[in-house]
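Visitor: I would like to go through this model with you. Could you take my questions as they come?

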Amino acid sequence: VFEKLPVAGGMMAVGIPDYRMPRDMLNQEINNIRRAGVEIQCNQALGREFTLDELLDNRGYSAVVLAIGAHKSRKLGIDGEEKTGVIHGVDFLRDVALGTPPDFAGKRVGIVGCGNVAIDAARTAWRLGASEVHVIYRRCCEDMPAYQEEFKAAQEEGVIFHFLTNPTRVLGDGHVTGVECVEEAQGEFDPSGRRCPLPISESEFVIELDVLIPAI
């Protein structure tokens, strides 16, 4: 196994916080794989340390299985999301897991989205000392894909949820100072089986933030 990251386990190791996925349990499973005879080489990225042709032609492998996952976050597609202080959820959780967390002490943090990555980011931000944590989600509470137990735990910890709310612009002169949002109303059902959120005219408001984490 050729692994790009410095640790084995992929998103289990760098995408799920250790308070949800204890590393000793994960490492036990990985070590079981190693004991079965599998060699795992870390810090080996396709296109950087090796190519497919090299594996097949020069190293003598008969076949290659690509299992590279989906470690890239989607962009919001709004003005200002390139500002300093915008950190994508996948990158944020990976940096924390690898021991290089950002300094969130006393900062106001906003997360866009309401899946498990968003909730993990929100609860991790609390653990890094954030003064406020806001989760912004364009649909209603019943439509969020996150696990209910994680949502309830985040609420109990003090995370503020803004449902039927969609960010439209990241504010700040170079660095994030807030996010402009618009309130949404529920429209007709869309192909996902959920009601399509529709912006409400003249409902814009601002949430003051120091950090914005897209996790959609």
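Guide: The conversation below moves from the overall architecture to ring contacts, strand pairing and pockets.

Visitor: What should I know about the model before we start?

Guide: It is a predicted model, in which local features need pLDDT of at least 70 and side-chain atom pairs count only at pLDDT 80 or more, whereas totals for chains, interfaces and linings use all residues. Residues are numbered from 1 along each chain as its sequence is written, and side-chain values use heavy atoms, with hydrogens and water left out.

Visitor: How many helices and strands does the chain have?

Guide: The chain has six helices and eight strands. Helices (H or I, at least four residues) and strands (E, at least two) are DSSP runs, numbered from the N terminus. Along the sequence the pattern reads α-α-α-α-β-α-β-α-β-β-β-β-β-β.

Visitor: What box do the C-alpha atoms fill, and what share of the residues is buried?

Guide: Along the principal axes, the C-alpha atoms fill a box of roughly 65 × 35 × 35 Å. Of the 216 residues in the chain, 38% are buried. Buried means under 20% relative accessible area, exposed over 50%, and partly exposed in between (1.4 Å probe, protein chains only).

Visitor: Let us turn to the rings. How many aromatic pairs are there?

Guide: Rings of Phe, Tyr and Trp (its six-membered ring) pair if their centres lie within 6.5 Å; planes under 30 degrees apart count as stacked, over 60 as edge-to-face and the rest as tilted. By this rule there are seven aromatic pairs. One of them is the tilted pair of F2 and F50, with 5.0 Å centre to centre and 45° between the planes.

Visitor: Why does the pair of F2 and F50 tie together separate parts of the sequence?

Guide: F2 lies in the segment before helix 1 (11-14) and F50 in the loop between helix 2 (23-35) and helix 3 (52-58), so the pair ties together parts that are 48 residues apart in sequence. F2 is partly exposed, with a relative accessible area of 24%, while F50 is buried at 6%.

Visitor: And how are F92 and F104 arranged?

Guide: F92 and F104 form a stacked pair, at 5.2 Å centre to centre and 20° between the planes. F92 belongs to helix 4 (residues 89-97) and F104 to the loop between helix 4 and strand 1 (108-112), so this pair ties together parts twelve residues apart in sequence. F92 is buried at 1% relative accessibility, and F104 is buried at 1%.

Visitor: Which residues form a ring cluster?

Guide: Ring pairs link Y137, F151, F161 and F163 into a cluster.

Visitor: Which charged residue lies over the face of Y19?

Guide: R127 does, at 4.1 Å from the ring centre. A charge sits over a ring if NZ of Lys or CZ of Arg is within 6 Å of the ring centre and within 35 degrees of the ring normal.

Visitor: Changing topic: in what sense do strand 4 and strand 5 pair?

Guide: Strand 4 (residues 165-171) and strand 5 (residues 178-189) pair in the antiparallel sense over six bridges. Two strands pair if DSSP finds at least two bridges between them. V170 has V179 in strand 5 as its bridge partner. The hairpin of these strands has six residues between them, and there G172 takes a positive phi near 130°.

Visitor: What about strand 5 and strand 6?

Guide: Strand 5 and strand 6 run antiparallel and are joined by four bridges. A185 stands opposite L198 in strand 6. In their hairpin, with five residues between the strands, G193 takes a positive phi near 85°.

Visitor: Where is E204 found?

Guide: E204 is in the loop between strand 6 (195-199) and strand 7 (205-208). At 48% relative accessibility, E204 is partly exposed.

Visitor: Finally, what is the volume of the largest pocket, and which residues lie nearest its centre?

Guide: Its volume is about 790 Å³. Among its 24 lining residues, F2, E3, K4, A67 and I68 lie nearest the centre. On a 1 Å grid over the protein atoms alone, a pocket is an open set of points where a 1.4 Å probe fits, with protein on both sides within 12 Å along at least five of seven lines; lining residues have an atom within 4 Å of a point. Grid points are joined across faces, edges and corners, and a volume is the space filled by probe spheres set on the points.
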